[in-house]
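Subject: Handover of a structure

Dear colleague,

Please find the structure below, followed by an account of what was found in it. I would be grateful if you would read the account with the structure open beside you.

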Amino acid sequence: MATTTTKPETLVGKRLRRREDPRLITGTATYVDDIKMPGMHYAAILRSPHAAANIRSIDTSKAASHKGVLAVFTGKDTHDAGAVPCGASLPGLRVPDHRVLATDRVYYVGHPVAVVVAIDRYVAADAADLIEVDWEVLPAVADPEKALAPGAPAVHPQWPDNTAFVFNQEGGEVDKAFAEADVIVKQRITSQRLVPNPMETRGVVADYRAAERALTLFTSTQAPHLVRSLVAQILGLDENRLRVVAPEVGGGFGCKIDTYAEEILMAYVAMKVNKPVKWIESRRENFLCTIHGRGHVDFYEIAATKDGTITGIKVKIIQDLGAFLSLLTPAIPTLSVLMLPGLYRTRSIRAEVVGAFTNCVATDAYRGAGRPEATHGIERMIDLLAAELKMDPAEIRLKNFVHNDEFPFPTATGLVYDSGDYAAPLKKAMEMANYDELRREQAEARKSGKLMGIGLCTYGEISAFGPSPATPAGGWESATVKIDPSGTVTVLTGTSPHGQGEETTFAQIAADELGVDIDNILVSHGDTSLVQYGIGTFGSRSTAVGGTALYFALQDLKAKIKKFGGMLLESNDVTFSGGQCVCNLSGKSVSVKEIAFASYRAMKLPPDTHPGLVATHFWEPPNFTFPFGAHLVVTDIDPETGAISIRRYIAVDDCGNILNPLIVDGQVHGGVAQGLGQALWEQAVYDDNGQLITGEFMDYAMPRAHMMPWIESAHTVTPTPVNPLGVKGVGEAGTIGASPAVVNSVVDALAPLGVKHIDMPMTPEKIWMLVRGGKN
Amino acid sequence: MNITLNINGKSHSHDVEPRLLLIHYLREVAGLTGPHIGCETSLCGACTVEVDGRAIKSCTMFAVQANGASVVTIEGLAVNGKLHKMQEAFWNEHGAQCGFCTPGMIMASKQIIDRNPNPTETEIRHGLEGNICRCTGYQHIVNAVKAAAKATGA
């Protein structure tokens, strides 16, 4: 750590309970739906019931005349609003024109068609039901492989091949690696579409003050400044008169990075009706209209020598994009490509990504965003290779890891891995599990026909997004630290935490650096009128990038504190430590509080110094960080029911230095739950007509308390040299590590039956069929 | 319809539409912010409150059905500023991340130990199965319920 280690009160590294919790556990936090304003009206959105249809006509007259209705808008009314933005670009990318309301055609079930503004939410919903649309239903395609097949219905008539882009990346000598390989293993591997499902759905309150030309948008987002810039641009507003506030945000997991049609639409509508307007997404709408994650069909080939050295990897990725490109949609599978080397020394990699339009809601960033898909593929392929070579899955991994003396390690996909000891978490997990004994137990169990599996995943990830050239909209982060005349400290961060606990961890950093009581520190975020600019919270970046910006802002502020301290002590030789400026000659000291008062009173200023104690730092990271870890899962399969029982779940994660172990554990647990959800239960299922079959919690199997195993979490610590805090990021690690570990475990359990691969989710029905002899 | 109910110790009377859900009554009419709406289909538990001593999902009940009832929400758990032991346990054990499921989760957790002061981990997990949390993986919530049970001295 960069903090002084001599101070006994150091808070960084302590298992502190969170400072944001009092409002959460008392029900007094303010989420978007808790905001009420005088004269506020409610919006309800009429959405397409069809995946593909022409709109012959819309009759809004009954809705408009319904008692309590203020206004009704259709796509014809809102055509002057700009398009819903896609912020990612690829060579030759086809970007469909994505309007805030459909005009003459709809492209997925849930596509917004009209909006009603009314006196309350019941009246708004009643009136939306009174809108009559004359539909001409068209053939739809909801499966990416079917969409790419000749003769498939065209999602966008102008692009009959349903191909948004083809992206190729290659490094090393792939053809040579495959020509000279002793063994080549091939497998089709899918990562099914998932619904992010934060417990708080999206929601917007738009408040327009015409006389001031001032619009305030309260929105449940992970990136309020981005929303401000984009909505201002789309609606032609002055950015300095648009205030975006992310109040308490009830989870995001990536799906609240995007700027959505509804955010633009509510801003537009509020300006038209001159009243504050609230829209709260229903859970059904959230399933249909908020982005989904994953949606991969991948064709892997792995080449190796007979001693198990991996020499090359080839993959063709079919990415289900949905009908429109949301903010980062086309960028997500390119992250999968970057991740393909995993933790291994393989220097020859070739990837082709085909982006397929389907009549579904867009896919985009969901916890891990491209990295779980790639990790799942690679970690499955390594197990398949191990099985082919009759090697132990741990042995083959240990053989291929990047060596500790090879960092910084340049990969075949153009990254430079920062630091690592890749064998350490695997060895620790194996020790915790007593791996050799487990294998002996498994051998015994197999003799009596019992189905017991041991699965490994050794993952790497790209975190701390990231260097600006590699991150759409910028990858830096900002922090401001202010000390008031009375000595209280305010930290403003450009990150936008929504459950990750930075109000605590950032206060820990500031308390240590300034030597002040943590109770004197307030950490604020999420309001563009408060924070000058910021990027937001996603991609395991907040602490590694935002925390580092804070660290540097604190250094700037400390330099100023020392100047004022020196002036007050009439000394050029002062040390600042433990909240005191001490003259090294006289031993006299002044506190931060006294210095703060003097800096604002400004009776006398040190040379070249301005009044006040404020520092702002924008920090651009020189690289990503690369966390890593090993998950080990022991499963037992009930052959009678196909039920999978997880006996042990061991997660050893290396996220660099740990600022607050309690919070890090929580991130790992939650991440693992989402990875297990993908491995075992969750799937967004569209039928052939593009209807979302799993469109409610009744049908979409969210992990619940009784379904989750106990997670044994442990860590190795390899600080990153990328930032002075040495932190790498932990938000997505659990999700990335979990799904391959569980699938590998279940495949291992069923290996005696000849099973080599199982696609997710591994439902009991699927397992039962495999046990009964059907091959997946 | 005119209804009168007691919410967190205070009497509330209003003329409401028969179709008004209790959760909408609590939030839109009575002005509470603690019970949350996660699904409106009785599947997520974010709106869990106590009605006459039983934890119920307040989106599964009409306001008129609560006429005459005594309702306790998360806002009513702390007494004179002193947190309920379940709230304290959620804080100590990091049972909340984004906090959206938390009020319902605490109300459901309170009922678990009200009914069974010394629940096993399995009993806790089954007691929580009606409440979805997307952030925590439930482990710290389970720890919180265990800690609260222990604090009861059972």
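In the interface of the two chains, 43 residues of chain B are in contact with 42 residues of chain A; two residues are in contact if their C-beta atoms, placed from the backbone, lie within 7 Å. On the side of chain B that touches chain A, the helices α2 (85-92), α3 (102-115), α4 (121-127) and α5 (139-152) each supply at least two residues. Helices (H or I, at least four residues) and strands (E, at least two) are DSSP runs, numbered from the N terminus. The residues on this side of chain B divide into 22 nonpolar, 16 polar and five charged. Here Ala, Val, Leu, Ile, Met, Phe, Trp, Tyr, Cys and Pro count as nonpolar, Asp, Glu, Lys and Arg as charged, and the others, Gly among them, as polar.

Before going further, please note that this is a predicted model, in which local features need pLDDT of at least 70 and side-chain atom pairs count only at pLDDT 80 or more, while totals for chains, interfaces and linings use all residues. Residues are numbered from 1 along each chain as its sequence is written, and chains are lettered from A and ligands numbered from 1 in the order in which they are written.

Chain B is assigned domain 1 (2-76) and domain 2 (85-152); domain bounds come from an automatic or database domain assignment. The centres of domain 1 and domain 2 of chain B, taken over C-alpha atoms, are separated by 21 Å. Their contact takes 13 residues from domain 1 of chain B and 11 residues from domain 2 of chain B. On the domain 1 side, strand β3 (residues 48-51) of chain B gives the most, with three residues. That side divides into seven nonpolar, five polar and one charged.

Within chain B, α3(B) and α5(B) pack at an angle of about 45°, with their axes 10 Å apart. Axes are lines fitted to C-alpha atoms, for helices over the stretch in contact, and angles run from 0 to 180 degrees between N-to-C directions. The angle makes α3(B) oblique to α5(B), since angles under 35 degrees count as roughly parallel, over 145 as roughly antiparallel, 65 to 115 as roughly perpendicular and the rest as oblique. The crossing of α3(B) and α5(B) is right-handed; a crossing is left-handed if the near helix is turned anticlockwise from the far one by less than a right angle, and right-handed if clockwise. Among the residues that make the contact are B:Met105 and B:Ile112 of α3(B) and B:Ala144 and B:Ala148 of α5(B). By class, the contact has eight nonpolar, two polar and no charged residues.

Chain A is assigned domain 1 (21-29 + 476-619), domain 2 (32-138 + 201-249 + 256-289) and domain 3 (296-466 + 623-771). Between the centres of domain 1 and domain 2 of chain A, taken over C-alpha atoms, there are 39 Å. The contact of these two domains of chain A takes 14 residues from domain 1 and 14 residues from domain 2. On the side of domain 1 of chain A that touches domain 2, there are four nonpolar, nine polar and one charged.

A:Trp768 lies in helix α19 (residues 764-771) of chain A. With 17 other C-beta atoms within 10 Å, A:Trp768 is partly exposed; a residue is buried if 20 or more other C-beta atoms lie within 10 Å of its own, exposed if 12 or fewer, and partly exposed in between, with C-beta atoms placed from the backbone. Apart from its neighbours within four places in sequence, A:Trp768 is in contact with A:Thr641 and A:Gly642. A:Glu136, in strand β6 (residues 132-137) of chain A, counts as exposed, with 11 C-beta neighbours inside 10 Å. Leaving aside neighbours within four places in sequence, the contacts of A:Glu136 are A:Ala53, A:Asn54 and A:Arg56.

Finally, some points concern the backbone of chain A. A cis peptide bond joins A:Phe407 and A:Pro408, with omega about -5°. Another cis peptide bond, also with omega about -5°, joins A:Met760 and A:Pro761. A:Arg213 has phi near 50°, a positive value in a residue other than glycine.

Yours sincerely
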